[in-house]
Structure formats: structure tokens, C-alpha cells
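Visitor: Please take me through one part of this structure at close range. I would like the metal site, and then the ring contacts elsewhere in the chain.

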Amino acid sequence: MLPESVPTPPTNKPWLLFGAIGVSLALNLGLALRLGMSHSDSAEAAPADASVATAAAPAVAADPSPIVIGSDTTVSNAPVPAAEIAPLPEPLGAAAQAGTHLYSGVVQSSISATFTGVLDTSPAALSAVYTRLFAWDLDMRRDLHRGDLVEVMYEQREGQEPLVLAARFTSQPGTATEQVYTAFRWQAPGDRFPSYWSPDGTEVPKRLVSGPLADYEQITSLLKDRPTHEGMDFKTPMGTPVEAPRAGVVTRVNWNQAANGNCVELRYQDGVIAKFLHLNENLVKEGQAVAAGTIIAKSGNTGHSTGPHLHYQTERGGKVVDPVDYHGTLRRQLQPDAISRFQNDTRTLAAQLTGQVAQR
Ligand SMILES: [Zn+2]
């Protein structure tokens, strides 16, 4: 379902990333591509072949740069000769209206670099939120290409990560392999929290099959995104009921409490060990048998935790198993009547997202 891509080879010149931020030119290119304008200028030609991961960027066209995603701290800290620093995009591509910010830009090196200089937003924070939205469909370390179009409408929040209201990622715009991923924030009937939905009423984030929480705000960390972090994090308010996803026996509670906070460990009937960390309250005792669906705890923010969430971890034979693989995932789909409400409610957002691009 995703376009195959061949990543560009790594470079030993990290400062080149900065030379790649030719936002002004690139923005024009991206918009032109989106508007279907023709490009006779070879320097601005879009990649005609999906196997070519580098598109036109006049400043760096001959120089392959790695596509970097996630923590850009190494990049930001790299010694960059002043002469190599391209001007920041500043208001280019960004528009503010009533507390909501709209940004569109063309990828040159990384999502984070694309967001650099966007209003007062931390590029890393906006990049993390944006990337997380599409993480179920796109591995930005693999699927990002120069020339991809990034659009996001968000609210800046004091002391919190930006709240994305709408986002779109257009992979290789204007080419035969163009792929568009769109997400609108919307609360479905019966849901406790808003989620993100694509225009056809499909939920953008996937869910675990029989996961530990019936409802939660968002999965904020996937195992594959942070190999040093051994589980999945579900952002959810304090006191959210935590269910035993499968039948099993409580093998431990509250070990290593300084790090884990209140915690419960279950051994499922298939031998898989499941850990539930940072709980506010444990409701089971060591040795207790639990049926699938039993409420074993209330979620919390105890131990080494920076905000209310549940850390869920699964292990087999002493090795961490990705809960995504162990449980499998599903994607919810809105019913037809909900789809029309969703489309009504997000019409303005959709128009703004598209309008912003069309104007330029
Ligand atoms: Zn965690």
C-alpha cells in the first residue's frame, strides 16, 4: 500500500542537511506540482521514478542527503558553518487564524527540518506529533522523499505538545506514485476522546485487537519508534480502567517501583508475560487468576512517568515482543450516518487545508 522507495545513501556531511532547507524555492515547486503546473525547468523536475528518492532541490540536487526523522538533536547540534545555514522559512507557508496555525511545506531533508522556523513551534515537537499520526501507514525513515508535501493545521498549547487538528502528507506529489494521507481530528459518536479520521471515515491510528484499554486518547509511543523503550504507551487520563487483555495469572505487582510506579505483571495462558506500568491503583494480587476483560488496575502517572499514561509491554521467553505483532491491529470505520456528520464537521478544516495550498 505504500510506495516503495530506495533511501538515499547516508552522507558523512551532516551539515548538508541545512543546505537542503531551500524552503522558498521548494515551496513554489511543491505548490506548482500540486496545481498540476508543468515544469520545463529541469532543476525543478519532480522524480519521475518511484525508485528515485531524491527530487529537485537546486541547492543540493547533486548531493544525496539522508532523510532523517525523529529526534533531530544530533543534526541541530552539528557544527554548521554560518554560511551554510539557509534562511528560515519564517512566515512562508504558515498562516495563523484565531489561535490555529496552518503550515504547508515541502520536505527537503526531514519532517523536523521542514517545520524549522514555523512560528514559535518547536520543530521537533510538531514533527513528533505529525509523524506519530501517520506512523501506522508510513515509516518516515523509509518513506520520506525530497519533494513530499507536508500540511498541518494545529494549535499551540502552553507546556504541551501542539494539538493537530488536521494534517496531510502527500508522498511524491505530481508523480504517478503520488499517495495522499489525510487526518482530521474528530470525536466519533460514543467515543470518550477525539481521534483522527481520514476523509472516507477510516480511523487513521490503528488499535490493538483486545488491548488493555477500551478507550484512550492516543498511542504516543510504538515499540518500533524507540527501540530502547520496551513497550507501547497509551496516553490516557488518571484512573482509566485497565483490562486484562487475555486470561492469565498475576505473577508480580509493584516491583522496581521507583521506575515502574505501581505495576502489575500477568502471565497469559500462552506463556507471554505482560507488564502494565505507572498505574494509579492496582486491583489484583500476586497469584490471582484473572479472566480476559477483568479490570486489573486504574491507570496513573506513578514511577518514572512524565504524564498520565499506561505503559504496556509484552515478552516471550524473556524477549520483548511488539504488542502490535502479538495482538494484531484493527482499524475502525465510521458508519455511513457518522461519516456524513464527520464530513460536515470537518468541511471547514478540509477547505482551509486545501485552500491554503491552492492560494499559492
Ligand atoms: Zn512506556
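Guide: What follows starts with confidence, moves to the metal site and ends with the aromatic rings. The model is predicted. Its mean pLDDT is 76, and 70% of the residues reach 70 or more. Residues 1-96 fall below 50. That stretch still has 159 contacts in the model, beyond near neighbours in sequence. Where pLDDT is low, predicted coordinates should not be read in detail.

Now the zinc ion. Its protein donors are H229 through NE2, D233 through OD and H311 through ND1. They lie 2.0 Å from the ion. Along the chain the donors follow the spacing H-x3-D-x77-H. D233 and H311 come from distant parts of the chain, 78 residues apart. D233 belongs to strand β9, residues 232-235. H311 belongs to strand β16, residues 309-316.

Look closely at D233. Its relative accessibility is 8%, so D233 counts as buried. H311 also counts as buried, because its relative accessibility is 5%. The two side chains make a polar contact with each other at 3.3 Å.

Next, the rings. The whole structure holds 9 aromatic pairs. One of them joins Y130 and F134 edge-to-face, with 5.3 Å between centres and 70° between planes. Both residues are buried. They sit 4 residues apart in helix α5, residues 123-134, so about one helical turn separates them. Ring pairs also link Y103, F115, Y130 and F134 into a cluster.

Y268 and Y326 make another kind of pair. Their ring centres are 6.1 Å apart and their planes meet at 5°, so this pair is stacked. Y268 lies in strand β12, residues 262-268, and Y326 in helix α8, residues 323-327. The pair therefore ties together parts that are 58 residues apart in sequence. Y268 and Y326 are both buried.

Two arginines complete the tour. The charged end of R207 sits over the ring of Y216, 4.9 Å from the ring centre. R252 places its charged end over the ring of W255, at 4.2 Å from the centre.

Technical notes
Residues numbered from 1 in each chain as written. Predicted model: local features only at pLDDT ≥ 70, side-chain atom pairs only at ≥ 80, totals over all residues. Heavy atoms only, no water. pLDDT = per-residue confidence, 0-100. Contact = heavy atoms within 4.5 Å. Donors = N, O, S within 2.8 Å, 3.2 Å for Na, K, Ca; no water. Helix = DSSP H or I, 4+ residues; strand = E, 2+ residues; numbered from the N terminus. Buried < 20%, exposed > 50% of the residue type's maximum accessible area, 1.4 Å probe, protein only. Polar contact = N/O pair within 3.5 Å; in protein donor to acceptor, adjacent residues only side chain to side chain. Phe/Tyr/Trp six-rings, centres within 6.5 Å; stacked < 30°, edge-to-face > 60°. Lys NZ or Arg CZ within 6 Å of the ring centre and 35° of its normal.
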